[in-house]
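Here are a few notes to read alongside the model. Take them in order, with the viewer open.

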Amino acid sequence: MKNLIILSALLFSNCLLYTQNIEFQLLKSGNQGSSLKPKELVITSLTEAEEKLGLMSKEELSALDFEKNILLAVFQGRWNSGGYKIYIENIVCDKDGITVQVVHQRPGRKCYATKALTNPFAIYVVSKKEGNWQFNISKKAIDCRWMSKTCPHFKKTEHFIFQRVTCFLTLKN
């Protein structure tokens, strides 16, 4: 009986019998990541985190319990403007392994973005799971056309940010 309970706990914790969503929490994100190329990392130890993540201090990393958790770090690579973002949409565990759905977001047509080099990244903490980690990447563009349709007076000038906020607040009320 004791062996059956242990075996059941092991099977359920490793997602072998059923599909389950895995909870995750954003730890840090921004536009000045350390990778010039897109990549995904599964970090399982403090030593590995210190080697691969120059984005977090030793104090931040030391506060994490790598006995119970791992880090997932996703990098979108370098872009010539702002408006880009990377994030994890969901994580699913099943008999085939653990699948992480990552979204590479970019500014759409008609979007205004800063003219600066950006390297979007996001780092998440996840409960430790054994299995094969796979990353599925999807690409998504932000639709900024609503601005020109709903605010026909909106024009790109040196005061375009003020106009955009004014139009948005007008639409909200």
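1. Of the 173 residues in the chain, 35% are buried, meaning under 20% relative accessible area, where over 50% is exposed and anything in between is partly exposed (1.4 Å probe, protein chains only). Do keep in mind that this is a predicted model, where local features need pLDDT of at least 70 and side-chain atom pairs count only at pLDDT 80 or more, while totals for chains, interfaces and linings use all residues. Residues are numbered from 1 along each chain as its sequence is written, and side-chain values use heavy atoms, with hydrogens and water left out.

2. On to the fold. The chain has five helices and eight strands, taken as DSSP runs numbered from the N terminus (helices: H or I, at least four residues; strands: E, at least two). In sequence order the pattern reads α-β-β-β-α-α-β-β-β-β-β-α-α.

3. Contacts next, meaning heavy atoms within 4.5 Å. Among contacts with a separation of 6 or more, 74% are between residues 24 or more positions apart.

4. Have a look at Glu-40, which sits in strand β3 (residues 39-43). Glu-40 is partly exposed, at 29% relative accessible area. Beyond its neighbours within four places in sequence, Glu-40 touches Ala-73, Val-74, Phe-135 and Ile-137. Its C-alpha atom is 9.7 Å from that of Phe-121, a residue 81 positions away along the chain.

5. How many aromatic pairs are there by the ring rule? The count is two, where rings of Phe, Tyr and Trp (its six-membered ring) pair if their centres lie within 6.5 Å, with planes under 30 degrees apart called stacked, over 60 edge-to-face and the rest tilted. Phe-24 and Tyr-124 are edge-to-face, because their planes meet at 75 degrees, with the ring centres 5.5 Å apart. Phe-24 belongs to strand β2 (residues 24-30) and Tyr-124 to strand β7 (residues 121-127), so this pair ties together parts 100 residues apart in sequence. Phe-24 is partly exposed at 28%, whereas Tyr-124 is buried at 5%.

6. Trp-79 and Tyr-84 make a stacked pair, 4.1 Å from centre to centre and with 10 degrees between the planes. Here Trp-79 is partly exposed, with a relative accessible area of 31%, and Tyr-84 is buried at 15%.

7. One more ring to check: the charged end of Lys-39 sits over Phe-75, 5.6 Å from the ring centre. That wording requires NZ of Lys or CZ of Arg within 6 Å of the ring centre and within 35 degrees of the ring normal.
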